[in-house]
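Biologist: Please bring up the model, and let us go through it together.

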Amino acid sequence: KEFYKYCVDKIGSEDKSIEIYLQTCMPVSLEEGVLALDVPTPFGEDQIRARYLDKMKRLFAETGFGSDIKLVVSSENQNLQPHRERVETPRRADEGASKNGLNPNYVFSTFVVGKSNRLPHAASLAVAESPGNTYNPFFIWGKVGLGKTHLMHAIGHHIAVANPITKMLYVSAEKFTNDLISAIRNGSSDGFRTRYRDLDVLMVDDVQFIAGKEQTQEEFFNTFNTLHNAKKQIIISADKPPKDIEGIADRLVSRFEWGLVTDIQPPDLETRVAILQKKAELKNYMNIPEDVIMFIAQNIPSNIRELEGSLNRIVACSDLNHEPINIENASIWLKDLIKEHPTGAVTIGLIQQLTAEAFGFSVEELLSKKRTADLALARQAAMYVARMKTNEPLIQIAYAFNKKDHTVVIYACNKIAELIKTDLRIRSFVDNIVNKL
Ligand code: ADP
Ligand code: MG
């Protein structure tokens with residue numbers, strides 16, 4: 001992974017476009033000097049092979065870790081990828097980026113990829129690389145604040161840079177509706193139609209807004225058909241999957257499902273931490289202690305906009321009050337955003353109690369430094385359950401077991417995960433604890 005960062009830095013500083021590709025790849029294994037890189041799309045693989053692979057191999061050889069790199073396309077995405085042509089996409093620096101009503105910060109390189117958004121992100125890249133030829137329409141749904149608009153704008157920027165003459169329009173469904181209303185009022189329906197139909201790419205954000213609005217749906221239906229027939233790219237977002245949006249005509253729902261429907265889920269803890277780190281870096285927020293990042297990630301679980309807002313707020317509060325950024329202050333500044341733990345929530349303490357009981361120890365023994373095999377196993381089982389059943393960060397779990405290092409928890413989780421596959425005794429202990437929770 002270190003080599004990998006090194007590689008992105010080295011090549012990335014000379015050629016910005018590689019960042020987009022490399023940031024979506026993941027090093028997956030290093031065996032006999034061969035590094036395997038997981039590439040989300042066949043197109044990405046083509047690009048890397050054609051433009052960067054030789055250079056990466058040279059850099060890799062310099063590290064002394066090995067000499068060869070192979071690219072693999074992740075199987076989770078592979079099935080979704082139709083064959084695509086090899087296309088060279090000449091790129092210029094972020095030029096022209098803020099035209100089109102697109103937010104210049106919403107680009108692929110600022111979008112953090114994790115388990116919760118890996119698929120929509122990979123699919124967005126594919127659409128951006130080859131608009132009209134992959135998933136059409138491309139439909140992203142998810143709750144508010146999870147990155148739908150960010151991804152749509154990122155697609156827009158990518159297309160605009162690769163092909164500046166693309167005719168592209170990004171609108172909220174609300175704007176589409178208002179435009180239609182004023183076109184009707186002013187008798188300028190033709191102008192409206194030209195504006196929405198003479199396009200290569202149409203993006204409509206938050207399409208749930210047109211629910212229950214029949215005339216808007218009728219017009220959108222016709223717009224959709226015209227564009228789709230001409231193989232123009234349509235990108236749509238909503239807060240629910242097409243079928244679940246009440247008040248949308250069936251014929252529209254079925255069209256929304258023609259292409260790819262993909263969802264963005266709330267990010268897991270690691271992704272939240274990564275997003276906070278990325279935002280801190282982008283905003284040049286220095287000196288935000290790691291435990292404060294953890295604290296925010298842990299307490300703001302389900303909305304990335306709030307996550308970002310929290311970060312901005314603690315920086316602002318610290319500046320204004322001349323107070324240091326630490327957990328204590330952060331918990332005061334973010335009080336209204338931090339959701340109280342619901343009563344009866346699963347805590348590490350409860351897990352420790354139940355584990356001690358199940359294995360026939362006291363909690364003191366479980367947390368002691370004693371190292372008999374059974375005690376060690378019980379501790380590991382408790383860490384494993386804590387990892388599965390609470391949202392506590394690894395380091396917090398480690399602390400709760402009087403360990404200073406989160407890798408102890410990772411080790412424990414891997415070990416128990418392996419054990420329960422074959423060892424029925426351990427499996428029933430773990431099941432027992434989980435059931436009691
Ligand atoms: P939505 O449209 O789903 O309501 P947005 O796209 O407006 O959400 O995202 C809300 C905020 O969170 C934006 O500032 C966006 O940059 C940020 N954000 C969302 N997902 C990510 C991500 N994966 N990486 C970085 N920032 C993200
Ligand atoms: Mg949005």
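Modeller: One definition comes first: a residue is buried under 20% relative accessible area, exposed over 50% and partly exposed in between, using a 1.4 Å probe and protein chains only. This is a predicted model, in which local features need pLDDT of at least 70 and side-chain atom pairs count only at pLDDT 80 or more, while totals for chains, interfaces and linings use all residues. Residues are numbered from 1 along each chain as its sequence is written, chains are lettered from A and ligands numbered from 1 in the order in which they are written, and side-chain values use heavy atoms, without hydrogens and water.

Biologist: Salt bridges, then. How many does the structure hold?

Modeller: There are 17 salt bridges, each being a side-chain nitrogen of Lys or Arg within 4 Å of a carboxyl oxygen of Asp or Glu.

Biologist: What is the N to O distance between lysine 167 and aspartate 198?

Modeller: Their side chains form a salt bridge at 3.0 Å, N to O. Lysine 167 is in the loop between α7 and β5 (168-172), and aspartate 198 is in the loop between α9 (189-197) and β6 (201-205), so the contact ties together parts that are 31 residues apart in sequence. Helices (H or I, at least four residues) and strands (E, at least two) are DSSP runs numbered from the N terminus.

Biologist: Is lysine 167 buried, exposed or partly exposed?

Modeller: Lysine 167 is partly exposed, because its relative accessibility is 40%. Aspartate 198 is also partly exposed, at 43%.

Biologist: Which residue does arginine 193 meet in a salt bridge?

Modeller: Arginine 193 meets glutamate 219, with 3.0 Å from N to O. This pair links distant parts of the chain, since arginine 193 belongs to helix α9 and glutamate 219 to helix α10 (residues 214-229), 26 residues apart. Arginine 193 is partly exposed at 34%, whereas glutamate 219 is buried at 6%.

Biologist: And lysine 421 with glutamate 418: how are they separated in helix α20?

Modeller: They are 3 residues apart in helix α20 (residues 407-422), which means a separation of about one helical turn. Lysine 421 is exposed at 58%, and glutamate 418 is partly exposed at 47%.

Biologist: Which residues are linked in a network of salt bridges?

Modeller: Lys175, Asp179 and Arg195 are linked in such a network.

Biologist: Now the backbone. Is the peptide bond from asparagine 136 to proline 137 cis or trans?

Modeller: That bond is cis, with omega near 0 degrees. Proline 137 sits in the loop between α6 (118-129) and β4 (138-141).

Biologist: What is phi of asparagine 287?

Modeller: Phi there is near 55 degrees, a positive value in a residue other than glycine. Asparagine 287 lies in the loop between α12 and α13 (290-299) and is exposed, with a relative accessible area of 71%.

Biologist: And what about phi of histidine 322?

Modeller: Histidine 322 is not a glycine, yet its phi is positive at about 50 degrees. This residue is in the loop between α14 and α15 (327-333) and counts as exposed at 72%.

Biologist: Last topic: where does alanine 249 lie?

Modeller: Alanine 249 lies in the loop between β7 (233-238) and α11 (250-256), and it is partly exposed at 27% relative accessibility.
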